[in-house]
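Please look over the sequence and the structure shown here before reading on.

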Amino acid sequence: MKSYAKINIFLKIVGTRGDYHEILSRFVLLGELFDEINFEKASKFSLESNVNIENNIILKAKNELARAGFANEIDEFFSSHKITLRKNIPMGAGLGGGSSNAASFLVMANESLNLKLSRERLCEIGSKIGADVAFFIHGFKAANVSGIGEKVEEFNDDVPSLEIFTPDVFCSTPEVYKKFRSDFMQNINVKMANNFANLSSRELLENFKNYELNDLYAPCFALYPQLKIYRDKFLSGSGSTTFEVKR
């Protein structure tokens, strides 16, 4: 199964919920960039990947599905199957690769194990794994995502052709949000966020500055000065991926 990346055309922080940040953001699926996940027959369970990932989020998704009441089904199926993962999406790049992998696992397990879970129930389970998982479970090409990622509303978008740049820099999402809360919280603009939600991606990218579209732009570049050569581009999520409209 293809496990797609995403970019954020805009990402505005509109409040907090305990230690979490409430957002309003336009997520756009990147159809040309994806990981591949498969279930294959095996004598015992394992997770095989072309990249060594400590605490792989797919295992977290497997455990959450078991905790949701399907431990017996999970144990039985994976006693004779392994998971293979081919990573193409860079990690720590603001492209949602981990969340996409978790979502793909939940969708595949639901089908392969005949669990008959609704999309809404899968999203409930996904919300315990990561903030972006619900978007990938829905599979929309574009959506406005709000709350702490659990509210996903499909958006009929006009997305221009984009050129993506992914520097070899790992950006820590928790650290970038922490920096925002400590140094940039006073810049929250809910009215602007609500306005952005009604505009197409083309309109947003043609009419607004990179730092206006993404509230994490300033904290990301403050924490990772090695990204400075990309300051003229748009930032996806908490970085390090940047992008621009193809000319």
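What joins the side chains of Lys-6 and Asn-8? A polar contact of 2.5 Å does so, where a polar contact is a pair of N or O atoms within 3.5 Å, of which, within protein, one must be able to donate a hydrogen and the other to accept it, and residues adjacent in sequence count only if both atoms are side-chain atoms. This is a predicted model, in which local features need pLDDT of at least 70 and side-chain atom pairs count only at pLDDT 80 or more, while totals for chains, interfaces and linings use all residues. Residues are numbered from 1 along each chain as its sequence is written, and side-chain values use heavy atoms, with hydrogens and water left out.

**Annotated residues**

- An unreviewed UniProt entry places the feature "active site" at Lys-6 and Asp-132; its positions are given in the numbering used here, feature names are shortened, and annotations may be inferred rather than shown by experiment.
- These residues are spread over 127 residues of sequence, yet they cluster in space, with a largest C-alpha distance of 9.7 Å.

- Lys-6 is found in strand 1 (residues 2–17), whereas Asp-132 lies in the loop between helix 3 (119–127) and helix 4 (133–138); helices (H or I, at least four residues) and strands (E, at least two) are DSSP runs, numbered from the N terminus.
- Lys-6 counts as buried because its relative accessibility is 3%, and Asp-132 is buried with a relative accessible area of 18%; buried means under 20% relative accessible area, exposed over 50%, and partly exposed in between, with a 1.4 Å probe and protein chains only.
- Not counting residues up to four places away in sequence, Asp-132 touches Lys-6, Phe-27 and Ser-99, contact meaning heavy atoms within 4.5 Å.

- The chain is divided into domain 1 (2–154) and domain 2 (162–245), with bounds that come from an automatic or database domain assignment.
- The C-alpha centres of domain 1 and domain 2 lie 23 Å apart, and 27 residues of domain 1 are in contact with 35 residues of domain 2.
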